[in-house]
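I opened this notebook to record, step by step, what I looked up in the model and how each term was applied.

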Amino acid sequence: MTIAAPAPETDLTTATPDDEITPDEAGSRTRKKRAWPAHLLMAVVSLAAAVYVCQGLWAAPYRNVVAENVSDQGQFEWMLSYGVYMLQHLSNPFFTDLLNAPRGVNLAMNTSSTFYAIVFAPVTHFAGPQVTFAAIMTLNLAGSAFVWYLFLRRWLVRSGLAAAVGGLIFGFSPGLVSHANGHLNWTSGWMVGIVAYWVLKLPERGHWLRNGIVLGLLCTMGFSVAAEALFFAAQASGLFLFVWLLSRAGLREARTALKPVLLSLGVTAVVAGALLAWPLYMHFAGPLKFSGTGFGMKQFSEDLVAYASFPLQSVAGKFGWGADLAPNATEATSFLGVPLIVLFFVALGLLWRRSAPDRRVTLRALSIVAIVFFLLSLGPRLQFLGEEHSNIPLLYALLTEVPLFDSALPVRYTLVVVIVFALVIAMLTDELVRSRDSLIRSRGARIAFGVAIVAVLVPIAPLPLKTMERSSEPVFFSSGRWEDYVSVNGVITSLPLSSEVAVDAMRWQAYTMARGGDRLFKIPAGYWLGPRDYTEAGRHDTGRLGPPERPTAKLFYRAARWGNRPQLTNLDRAQARIDFAYWKIEAIFLPAELTGPKGNLNRDALLQVATEMLGEPEQVDDVLVWRIRPGVDPVDQWEEG
């Protein structure tokens, strides 16, 4: 008997030393050899499905960008390029002054994805961060489906088909596909699957040291890939094990499993604690830290009706049956649809009613995990059809001020609920394909359930990610001409300054980093999470996107976003001198195209404002350039007469 009883092939409570091969183990090895063709087929299917979803990126990786989240893709491309810079210069992986000059950015408090940045650094250097981004996103979706397929085959089901169904349900669920609109961290469902897989191995006798070391390394990797997802995985695993241990089967198992589990967890704590000491210090006590999150929990809580709705980015959405109840297109994490929810409860009831007692323990633990995470996903107050009911507090209202919970977004807890759905539907499928000892004895009933599974999954089947064209890298940067306009490690910027809605400046810096070389430039501002201000109070306040705004940055932003063209005064120019001196800007440039969140920004308005402020620009290759003397430019203008 195992935690995920009944195990399809092995029994950890009777495991033998590695050098002793029993008849049961020999049979298990034979079955594993036979499983390789199925594993290969599942890998191919998962990869093909992921390429289908990401086809827009692959069609033109250097030009196309996910249309629903241009900014996050630009930010991740910067993080990936920083991996090349970090390895070349042995720079700090958790803090940089390349962004937000002259203050810098605490990367430990952002989705720096150091693991991806280092592992894929060669690809980033030779092919560019655009290709690396598309590759990781594709592998994340495929890997999530494949790893959970392996998890199911090892712990919960006997049938490869059933495991494949469960893996594909999660790997290409509406939640993961929605996060594919820019999030390399939240599409890393494979990481959670591997961690969960190894957590269930902890009761193995005689392997506590190995298991503890491996789990410690996995937690270290998971912290870098998606720290918030690892936090959720720890909560779900802990809750599952707690519920399971309260059962009779769990208490019996605890007599022999408790010692290796505790020893393994002790080793895990030592290994992960040692490897994560630096990033954890930077996160909780490092420079430019903040508390909580820069996103509002009210906005990023799950709408109750969203669970029963179909996603916009799906087959159902294509026919107009989707609902727009998500905080944004990247956070549409539920949207399972009424048919799938009904089938889930039918499957749960059927499996519970006809399963052996040990399997019921697993079902009970999974059900409680789903219920708790469902309640957490709803946030502090009930959201219903887009409206918050402030008079109806929910479970998360007790956690909004609790450390770690105050930095998590409730809507993302839904992904754990989706995993439970995938596991239960896989267990139901396992009963359908078994001919001898199935819990569903009627052939007609098995066929009916099979049709039902297909019918409920087709509407939520994903469509390819929407993409749009973005501005190409200026020759000014790709040719290295920029070096003539800035000193070593000097500061330059495009217009508007880089922000949530304008990440082009970060992209030009990222592509320059990816190519390597001894010289690089810094930029002011940027798109990242940081403190609201740079005082001591700011360290204890919630964060914000980008730096505290300066008047000149606002001026350029309004021109680019809304076409504002104010009549500038010498007071505006005096403020610009102060801001330019603060940033230590040596040059400002304006590309031919400016990428915004839904299309091009207003270049004409920017050109008019910049020219009125700084005079006529210099045409250099395909950009307009203004040289800046910090503390001197812009020079005041006086009317003649």
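**Cysteines.** I looked for disulfides, taking one to be a pair of cysteine sulfur atoms within 2.5 Å, and by this rule the count comes to zero. Cys54 counts as buried because its relative accessibility is 0%, and Cys219 counts as buried at 17%.

**Basis and confidence.** I noted that this is a predicted model, in which local features need pLDDT of at least 70 and side-chain atom pairs count only at pLDDT 80 or more, while totals for chains, interfaces and linings use all residues. Residues are numbered from 1 along each chain as its sequence is written, and side-chain values use heavy atoms, with hydrogens and water left out. For pLDDT, the predictor's confidence in each residue from 0 to 100, I found a chain mean of 90, with 94% of residues reaching 70 or more. Over residues 5-26 pLDDT stays under 50, and the model has 41 contacts beyond four places in sequence for them, a contact being heavy atoms within 4.5 Å. Where pLDDT is low, the predicted coordinates should not be read in detail.

**Helices.** Helices (H or I, at least four residues) and strands (E, at least two) are DSSP runs, numbered from the N terminus. I compared helix spans with the expected value, 1.5 Å times one less than the number of residues. Helix H6 (residues 129-155) has 27 residues and reaches 37 Å from first to last C-alpha, close to the 39 Å expected; 24 of its 27 residues are buried, so H6 is largely enclosed by the rest of the structure. Helix H14 (residues 357-377), with 21 residues, reaches 30 Å, close to the 30 Å expected. The buried residues of H14, including Arg359, Leu366 and Phe373, pack against helices H10, H11, H13 and H15. Just after H14, I found Gly379 with a positive phi of about 80°.

**Strands.** I counted two strands as paired if DSSP finds at least two bridges between them. Strands S4 (residues 381-384) and S5 run antiparallel and are joined by four bridges, with Arg381 opposite Pro393 in S5. Their hairpin has two residues between the strands, and there Leu385 takes a positive phi near 55°.

Four bridges join S7 to strand S10 (residues 585-591) in parallel, and Thr493 stands opposite Ile588 in S10.

**Arg507.** Which side-chain partner makes a polar contact with Arg507? Arg507 sits in helix H18 (residues 504-515) and counts as buried at 2% relative accessibility. I used the polar-contact rule of N or O atoms within 3.5 Å; within protein, one must be able to donate a hydrogen and the other to accept it, and residues adjacent in sequence count only if both atoms are side-chain atoms. The partner is the side chain of Asp504, at 2.8 Å, and the backbone oxygen of Ser471 lies 2.9 Å from a polar atom of the Arg507 side chain.

Technical notes: Buried < 20%, exposed > 50% of the residue type's maximum accessible area, 1.4 Å probe, protein only.
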